[in-house]
Amino acid sequence: MTAVLLVRRWIRASPERIFDAWTQPRHLKQWWGPKSVECIAAEVDLRVGGRYRIANQFPDGRILWISGEFEAIERPHRLVYTWSVGSDELAAERVTVTFEARGEETEVIVAHERIPTEAMRDMHEQGWVGCLDGLLDYLEGAL
């Protein structure tokens, strides 16, 4: 059995603006990762079957690569992609991100599935909360 994680955040920006921030490397590098982590590289081939790679650098200098393949792209409302940490392509998890307009705000919903353990689910939750905090700060101009 695998664990599932659901994280939500309201952001005062349009779905189009958030979708672009999520899928364009020049934006991703500005907000991706919890506060102590820096996104030092981002590559995105935004098409079904296209791949992405994101490099997270931790305060101790360690670099962790996250990569995967896009399974569905419905701009600006939904993205579905696989998620592998390091070189573990065999155990690909799945992330679905939806961007739902609600007046002047957009609700960003991250559903992360196929997580092998509860402990990893908890680590992913900390990571996603940190990422969404960074995205909110970036798009609402608090950086």
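## The cavity and what surrounds it

The largest cavity is lined by W22, T23, L28, W32, V44, Y52, I54, F70, Y81 and W83. Helix α1 (15-23), β3 and β5 are the elements that give two or more residues to that lining. Sorted by type, the lining has nine nonpolar residues, one polar and no charged; here Ala, Val, Leu, Ile, Met, Phe, Trp, Tyr, Cys and Pro count as nonpolar, Asp, Glu, Lys and Arg as charged, and the others, Gly among them, as polar. The volume comes to about 90 Å³, and a search of the whole structure turns up one cavity of 30 Å³ or more. A cavity is a set of points on a 1 Å grid over the protein atoms alone where a 1.4 Å probe fits but cannot get out, and lining residues have an atom within 4 Å of a point. Grid points are joined across faces, edges and corners, and the volume is the space filled by probe spheres set on them.

Keep in mind that this is a predicted model: local features need pLDDT of at least 70, side-chain atom pairs count only at pLDDT 80 or more, and totals for chains, interfaces and linings use all residues. Residues are numbered from 1 along each chain as its sequence is written, and side-chain values use heavy atoms, with hydrogens and water left out.

Strands and helices are DSSP runs numbered from the N terminus (helices H or I, at least four residues; strands E, at least two). Two strands pair if DSSP finds at least two bridges between them.

| Antiparallel pair | Bridges | Opposite residues | Residues between strands |
|---|---|---|---|
| β3 (51-57) and β4 (63-74) | seven | N56 and L64 | five |
| β4 and β5 (78-85) | six | A72 and V80 | three |

In the β3 and β4 hairpin, G61 takes a positive phi near 95°.

## Two buried residues

H124 sits in helix α3 (118-140) and counts as buried because its relative accessibility is 10%, buried being under 20% (1.4 Å probe, protein chains only). Beyond four places in sequence, H124 is in contact (heavy atoms within 4.5 Å) with L5, W83, E93, H112 and I115.

T98, in strand β6 (93-102), is buried too, at 17%. With residues up to four places away not counted, T98 touches H77, R78, E107, V108 and I109.

Technical notes. Buried < 20%, exposed > 50% of the residue type's maximum accessible area, 1.4 Å probe, protein only. 1 Å grid on protein atoms, 1.4 Å probe; cavity = no way out; pocket = protein on both sides within 12 Å on 5 of 7 lines; lining within 4 Å.
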